[in-house]
Amino acid sequence: MLVRNLADPEVGYVCGQLRLEGGEGANLEGLYWRYEMWVRTQESACSSITAGNGAVYAVRRSAYVEDDPKYGHDFGFPYLMEQQGLRAVYEPAALALEPPASEPEDEYGRKVRTIARSWGHILSGRMFRATRPLYLAELLSHRLLRYSTGLLQLGLLLSNLALLSRGRGYRRFFLFQLSGLALAGAGKARLPLPGARLAYYYYLVTKATVAGLVRYLRTGTPQTWDKAKGTR
């Protein structure tokens, strides 16, 4: 299923679908992952995917790059293919199955590690080298903005706080942000409120983008990790 895509000479990299199955507990990683796979499908259809998955992928032998191991293949190979004038595509029929971590706190450590590694690609500038405009737009929207979410949320909260005296609209929006944090707190406490689990998951993932940046700036790209509960 993977290598049939390499019949197209323009394809240098193929990533299959990692499907999270059988998750129990409060973690909503599976919900996020299904959305991520939908985005990956759209990227593959119009240009190239912006990241792959180490569980299931193939690279054309002639396109393989002996890259610095600190960067890793998952994030690096797709844009390295684009920089060679090749495409990186998604093949949903090639499946790898894993159970997710059962609790969002277990998934948090893995998020921090993978995001810290991703910041290396971004801050080094290597992912933004000469490439097609459409693919550059994908990198900026799906990768740069995604990993900047925590910084953007902090900026939104602080600027909103500074503008409270400027009008009722700012005060209402500030209450809206506080309500979101309160809902995340309810999710952490496992209270059965609509949207609480999702709000808490979003809070942890957003926090992980900042923690990952701090970790990268302090210690560089992580080379080892402790396995989260589950198999990831």
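This report describes the nonpolar core and the salt bridges of a predicted model.

**Nonpolar core**

The largest nonpolar core comprises 41 residues, and Tyr 13 and Trp 119 have the most contacts inside it. Elements that give two or more residues to this core include strand S1 (11-20), strand S3 (87-98), helix H3 (104-123) and helix H7 (196-219). Strand S1 supplies the largest share, six residues. Not counting residues up to four places away in sequence, Tyr 13 touches a set of residues that includes Ile 49, Tyr 57, Val 59, Phe 77, Met 81 and Val 89.

**Salt bridges**

The count of salt bridges comes to eight. Three of them are listed below.

| Residue pair | Closest N to O distance |
|---|---|
| Glu 36 and Arg 143 | 3.2 Å |
| Glu 82 and Arg 132 | 2.4 Å |

Glu 36 counts as buried because its relative accessibility is 2%. Arg 143 is also buried, with a relative accessible area of 2%.

Glu 82 lies in helix H2, whereas Arg 132 lies in the loop between H3 and H4, so this pair ties together parts that are 50 residues apart in sequence. Glu 82, at 6% relative accessibility, counts as buried, while Arg 132, at 39%, counts as partly exposed.

Arg 110 and Glu 107 both lie in helix H3, three residues apart, or about one turn of the helix. Both Arg 110 and Glu 107 are buried. Elsewhere, salt bridges with shared partners join Glu 36, Arg 40, Arg 143 and Arg 146 into one network.

Note on methods:
Residues numbered from 1 in each chain as written. Predicted model: local features only at pLDDT ≥ 70, side-chain atom pairs only at ≥ 80, totals over all residues. Heavy atoms only, no water. Core = buried A, V, L, I, M, F, W, Y, C linked by side-chain atoms within 4.5 Å. Buried < 20%, exposed > 50% of the residue type's maximum accessible area, 1.4 Å probe, protein only. Helix = DSSP H or I, 4+ residues; strand = E, 2+ residues; numbered from the N terminus. Contact = heavy atoms within 4.5 Å. Salt bridge = Lys/Arg side-chain N within 4 Å of Asp/Glu carboxyl O.
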